[in-house]
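Subject: Structure handover, charged residues

Hello,

Here is the structure for your files. Notes on its charged side chains follow below.

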Amino acid sequence: MHTNDTIISQTKKWITDVVVGCNFCPFAGREVKRGSIFYEVVDTEEKQEVLEKLAAMMQQLDENDSIETSLLILPEGFGDFEDYLLLVELAEKLIEQEDYEGVYQVASFHPGYLFAGSNDEDPSNYTNRSPYPMLHLLREACVTRAIDCHPDINSVPEQNIAFTKEKGLQYMQQLLAACMD
């Protein structure tokens, strides 16, 4: 079992080497440089506890403009991708229930991420594969601004898929595995 500091360090390496390094998110590099990403490790298998932490994270974003985006890292209990997807669904419902729809959105990352219609051997899944299951909380206004400033936002997923297919499954597997060193 890794310490929280190790888990956060591995997550930061993944963001730097994979998300920014592969340019999967053209906006992430700016936030890494600014130090505006908040990381929290939640050691529980209980969905309700995770949702309580997510609610607290939304309040923290309300109170702190210097945090652009937050990652709730879940090293315990959400290894099964289908179970994790249920948590994502609950997180989206929580955003609605707490009247944060249009304010915050959740992006999902998981070590076993599978896009609909893909299989485990498809390297494009690595655009959303991470060292640990996590819920990424983003400010919608910032996402909208970033999208509006991007010359061709619709091409980003296609470019990401092309990149992963060009690099191949083994490369993507090794890149993710290196984040755990």
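Which residue forms a salt bridge with E40? The partner is K53, and the closest N and O atoms of the two lie 3.5 Å apart. A salt bridge here is a side-chain nitrogen of Lys or Arg within 4 Å of a carboxyl oxygen of Asp or Glu. K53 belongs to helix α3 (residues 47–63) and E40 to strand β1 (residues 37–41), so the contact ties together parts 13 residues apart in sequence. Helices (H or I, at least four residues) and strands (E, at least two) are DSSP runs, numbered from the N terminus.

This is a predicted model: local features need pLDDT of at least 70, side-chain atom pairs count only at pLDDT 80 or more, and totals for chains, interfaces and linings use all residues. Residues are numbered from 1 along each chain as its sequence is written, and side-chain values use heavy atoms, with hydrogens and water left out.

The count of salt bridges is 9. D83 and K47 form one of them, at 2.7 Å from N to O. With D83 in helix α4 and K47 in helix α3, this pair ties together parts 36 residues apart in sequence.

E31 is buried at 8% relative accessible area, whereas R34 is partly exposed at 44% (buried means under 20%, exposed over 50%, partly exposed in between; 1.4 Å probe, protein chains only).

Regards
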